[in-house]
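Come and read along with me.

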Amino acid sequence: MRRITHWVNGTPKESDTDRWGPIFNPATGEIQAEIPFATPAEIEQVVASATTAAGSWGSSSISARTEVMFEFRHLVHTRKDELASAITAEHGKTHDDALGEISRGLENVEYACGIASHLKGGHTSQASRGIDVHSIRQPVGVVAGITPFNFPVMVPLWMTGNALACGNAMILKPSEKDPSASMILAELLKEAGLPDGVFSVLHGDAQVVGSLLEHPGIGAISFVGSTPIARSIYSRATAAGKRVQALGGAKNHMVVLPDADINVAADSAVSAAYGSAGERCMAVSVIVAVGEVADPLLEAIAQRLEALTIGPGNDPKTDMGPLITREHRDKVASYIAGAADEGATVVVDGHNLVVDGEAANGFFFGPSLVDNVKPGMRVYDEEIFGPVLSVVRVPTYADAAELVNSNPYGNGVAVFTRDGGAARKFSREVTCGMVGVNVPIPVPVATYSFGGWKDSLFGDAHMYGPAGIDFFTRTKVITTRWPDPATSSVDLGFPKTR
Ligand code: NAD
């Protein structure tokens, strides 16, 4: 059985642990490799090597760091097919979808290539008589990234480019379900010229994460995952004195106003709800159909579901692959099994999917569509993270806005309409961090930052873009006087600026 290694000090490192986890091929249900859960000694070793490397990397020139970022960008782009295949083999998403996440991840490396501009400080000449003030940004030191299974390349790249370009050493603890892509990223960073120890990959479970959260050698924790874990990471790591960004789960609504184009809305809903089998933090999971739009929209969505091909992600004909584990698939199925008892109407039932051959034991569940959903039903209240789209019918715009704003999550939201005034009003009133107007998955480009509101993000630090630069640097303000001997005198008063 293939055994995954850690990546420490610029080389693969076999683990001495006696705690191992399985890595499945979700398309066949077979175990394809084993992943180590790091020992306390391995955690110490990786932090020690990162600490040593952080010193010289943090004081290297900005142009040297930029050069590594440009080369890394080039290498990821050149080897994107290999990376995409690694994603598909362990995550299950289609090859095309994997290429999509690589390309969105690369935007963040491109942003990091401009680090010379992002690290500029401010300067105020003659802030007081003879006094100049300027600010600088310095690296935090050693930082850790803890990432979810659903984007094995994009989410690590949300953090890595900025963390490294700002001069930090980074320890990545990828999801234990699909870690191989992060090992390829480590190899490519080395090939790009990154000094050994500046980027490490340490594998593990909750216990390993707990040690990282409390380790005094780590200054910042960048976390992306589910809400209960994000909440706990935020409180534990801040209590340990660390800087933390903690992004959680979601329940993303797509509000369809009566004037929307039904075909555009249906295409967008199907793409955003069922792409990557719904395992996206920005997936649309609830349609809020306002007024008379519900019946024609539901019909258009159901028609499109009939045309989807479900199968292994490495088959070019496949539109939607399997879920990540059998346990997760069964949990997703339980929402559909219970929906009718709660008073909802199951329009398309994923249980009816038939897969055969090698895929018969894969973790597949068919696209599902549930109508007449209401708050209070399990299918509405919980993040399902699977190919399940709920439809909530409301009579007016005001009811739609109230529904979205009452939801505890606030990651992404979309409004579909031809009315610019209504879209603008909605965008301003809605309590979510990312809004799409006729855009179902409004993941901001890398020159902005990513982050939800309410239970989708803990603390106030958003991810990547300008917020990423703030997160991965500490600012220092330097007040300077080059004295003029002719005007020097003793003054016991508090320094004045006037
Ligand atoms: P998860 O919370 O189970 O795991 C995320 C990471 O935390 C993994 O590295 C895992 O090993 C670690 N972890 C798991 N349990 C832990 C514990 N008890 N203590 C400490 N660490 C623990 O999430 P997942 O299932 O891998 O990913 C799916 C979730 O991530 C969904 O809820 C999705 O919405 C969310 N997500 C959010 C965003 C965002 O930007 N807001 C992006 C992607 C995914």
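**Around the ligand**

I began with the shell around the ligand, which takes at least three residues from each of domain 1 (2-248 + 456-478) and domain 2 (252-437); the domain bounds come from an automatic or database assignment. I noted that the model is predicted, with local features needing pLDDT of at least 70 and side-chain atom pairs pLDDT 80 or more, while totals for chains, interfaces and linings use all residues. Residues are numbered from 1 along each chain as its sequence is written, and side-chain values use heavy atoms, without hydrogens and water.

Next I looked up the neighbours: 26 residues surround the ligand, each with a heavy atom within 4 Å of it. The closest are Lys173, Glu176, Ser226, Gly248 and Glu383. By type, I found 15 nonpolar, eight polar (Gly counts here) and three charged (Asp, Glu, Lys or Arg).

Then I turned to polar contacts, pairs of N or O atoms within 3.5 Å. A backbone N or O atom of glycine 248 is 2.7 Å from a ligand nitrogen. Ligand oxygen atoms lie 2.8 Å from a polar backbone atom of threonine 147 and 3.0 Å from a backbone N or O atom of phenylalanine 149.

Definitions and conventions. Polar contact = N/O pair within 3.5 Å; in protein donor to acceptor, adjacent residues only side chain to side chain.
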